[in-house]
Amino acid sequence: MPLLHRLAVTAALTTAATAGALAPAAATPLPLPLPFDGESADRLVITVSETGEADDAATFLLNCHPTGGTHPRARAACRQLDSQTVWGRDPFAPVSPDAMCTGQYGGPATARVTGHWAGRPVNAWFNRTNGCEIARWNRFSVVLRTPGS
C-alpha cells in the first residue's frame, strides 16, 4: 500500500473512532453549573439593636441577585445596596477618622452587617453617634430598616 494511501486510511479511521467515542457524550445533555457556595454570593446578615422599638430590633438575612431572605423589604434593600455600589469603592467603609462631623446624637441604635457583597467580605458596624455616622446610617436606611423606611 502506498504511503499516501496508508496515511489517508489512518486519518479516516482515527476520525471515525474519535467521532464514535464522542457521539454518546454529545447526545447527553450537559450538567447544570454548580450553585454558588454561599461564600461569593451577595448575601448579608443584618442585625439591628437598641432602636427603642421592639419591632425594629431584629436579625434578618438579605440575599440579592436573586432577591430573597428574611428581610421584609428585600427588593428595596437590594436596590439601595446596588445604588451604593461603585467599582473600586467599599460601600460599607467606615467614616474616616479624619472626618469633621457635627456633634449631633441620633440615638443608641446600632447595627452590624456581615456576609459578602459584590464578591467581597463584609463586616461593618453602624451607629448614630454623630452627624457623619447618622449620614452613613441613612444611606442604608432601607437595609437597616430605619423606622419609616
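## Basis of the model

Contact means heavy atoms within 4.5 Å. The structure is a predicted model, in which local features need pLDDT of at least 70 and side-chain atom pairs count only at pLDDT 80 or more, while totals for chains, interfaces and linings use all residues. Residues are numbered from 1 along each chain as its sequence is written, and side-chain values use heavy atoms, with hydrogens and water left out.

The predictor's confidence in each residue is expressed as pLDDT, from 0 to 100. Its mean over the chain is 79, and 67% of the residues reach 70 or more. Over residues 30-36 pLDDT stays under 50, and for this stretch the model has 1 contact beyond four places in sequence.

## The sheet

Helices (H or I, at least four residues) and strands (E, at least two) are DSSP runs, numbered from the N terminus. Two strands pair if DSSP finds at least two bridges between them. On this basis the model contains an open sheet of 5 strands in the order 3-2-1-4-5, with antiparallel pairing. Strand 3 (68-69) and strand 5 (120-127) are the edge strands, each pairing on one side only. Strands of a sheet pair through backbone hydrogen bonds, either parallel or antiparallel.

Strand 4 and strand 5 form a hairpin with 2 residues between them, and Ala118 in the turn has a positive phi of about 55 degrees.

## Helices across the sheet

Axes are lines fitted to C-alpha atoms, for helices over the stretch in contact, and angles run from 0 to 180 degrees between N-to-C directions. Helix 2 (residues 74-84) lies across strand 1 (42-49), strand 2, strand 3 and strand 4 (110-117), and runs at about 70 degrees to strand 2. Residues are classed by relative accessible area as buried (under 20%), exposed (over 50%) or partly exposed (in between), with a 1.4 Å probe and protein chains only. In helix 2 the buried residues are Ala74, Ala76, Ala77, Cys78, Gln80 and Leu81. These buried residues of helix 2 pack against strand 1, strand 2, strand 3, strand 4 and helix 3.

Helix 3 (residues 131-139) lies across strand 1, strand 4 and strand 5, at about 125 degrees to strand 5. Its buried residues are Gly131, Cys132, Glu133, Ile134, Arg136 and Trp137, and they pack against strand 1, strand 4 and strand 5. The N-terminal end of helix 3 is capped by Asn130, a side-chain oxygen of which lies 3.0 Å from the backbone nitrogen of Cys132.

## Disulfides

A disulfide is taken as a pair of cysteine sulfur atoms within 2.5 Å, and the structure holds 2 of them. With the bonded cysteines of the chain numbered in sequence order, the pairing is 1-2, 3-4.

Cys64 and Cys78 form a disulfide with their sulfur atoms 1.9 Å apart. The pair links distant parts of the chain, with Cys64 in strand 2 and Cys78 in helix 2, 14 residues apart. The torsion about their S-S bond is about -90 degrees, so this disulfide is left-handed. Both Cys64 and Cys78 are buried.

Another disulfide joins Cys101 to Cys132, with an S to S distance of 2.0 Å. Here too distant parts of the chain are linked: Cys101 lies in the loop between helix 2 and strand 4 and Cys132 in helix 3, 31 residues apart. The link of Cys101 and Cys132 is left-handed, with -105 degrees about the S-S bond. Cys101 is partly exposed, at a relative accessible area of 30%, whereas Cys132 counts as buried at 19% relative accessibility.

Asn63 belongs to strand 2 and is buried, with a relative accessible area of 18%. Not counting residues up to four places away in sequence, Asn63 touches Asp42, Arg43, Gly68, Gly69 and Cys78.

Leaving aside neighbours within four places in sequence, Gln80 is in contact with Asn138, Arg139, Phe140, Ser141, Val142 and Val143.

Conventions. A polar contact is a pair of N or O atoms within 3.5 Å; within protein, one must be able to donate a hydrogen and the other to accept it, and residues adjacent in sequence count only if both atoms are side-chain atoms.
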